[in-house]
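Welcome! Take a moment to look over the protein shown below, and then we can walk through it together.

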Amino acid sequence: MEVYQMPKTKGLLPHQTIYDGHVFTRDKRGYYLSSKPIHKGKRILLHRYVWIKYNGDIPDGMSVHHIDGDKENNSIDNYILMSKSKHTKHHIDEIMENQLD
């Protein structure tokens, strides 16, 4: 699987990246959010933008999940679609498991 490496671009802050000519800024949760409205008049998370670029719209009730858990790995190969309920359960289970360690 090819890992998408965030490019280092002159003039960007360390918590920013460019994809398709758009600037994305890392938010407090670690996800990259477009700095300007670029999808249907709204700002969009980078992983959702990449999914839509390659696969079309995300169906209602579905979430784009980073397979390896790395929010910086925005390679299309690192995504799967999950129902929002399954996605939420997955992350709750992850948190619970980490608390037991």
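Which residues does isoleucine 44 touch, not counting residues up to four places away in sequence? They are Phe24, Tyr32, Leu33, Ser34, Ile38, His39, Tyr49 and Ile52. Please keep in mind that this is a predicted model.

## The overall layout

Let's step back to the whole chain. The protein has 2 helices and 5 strands, and from the N terminus on these elements follow the order β-β-β-α-β-β-α.

Of its 101 residues, 30% count as buried.

Next, find the open sheet of 3 strands, which has the order 1-2-3 and antiparallel pairing. Strand 1 (16-19) and strand 3 (32-34) stand at the edges with a single partner strand each, so one side of each has no neighbour in the sheet. From one strand to the next, the twist averages 35 degrees.

Strand 2 (residues 22-26) is joined to strand 3 by 3 bridges, and the two run antiparallel. Arginine 26 stands opposite tyrosine 32 in strand 3.

## The helix and the core

Now look for helix 1, which lies across strand 1, strand 2 and strand 3 and runs at about 10 degrees to strand 1.

The largest nonpolar core has 12 residues, among them Phe24, Tyr32, Ile44, Tyr49 and Ile52. Helix 1 (residues 46-55) provides the largest share of this core, 5 residues. Isoleucine 44, where we began, belongs to this core and touches Phe24, Tyr32, Tyr49 and Ile52, among others.

Key. Residues are numbered from 1 along each chain as its sequence is written. This is a predicted model: local features need pLDDT of at least 70, side-chain atom pairs count only at pLDDT 80 or more; totals for chains, interfaces and linings use all residues. Side-chain values use heavy atoms; hydrogens and water are left out. A nonpolar core is a set of buried Ala, Val, Leu, Ile, Met, Phe, Trp, Tyr and Cys residues joined through side-chain atoms within 4.5 Å. Buried means under 20% relative accessible area, exposed over 50%, partly exposed in between (1.4 Å probe, protein chains only). Helices (H or I, at least four residues) and strands (E, at least two) are DSSP runs, numbered from the N terminus. Contact means heavy atoms within 4.5 Å. Two strands pair if DSSP finds at least two bridges between them. Axes are lines fitted to C-alpha atoms, for helices over the stretch in contact, and angles run from 0 to 180 degrees between N-to-C directions.
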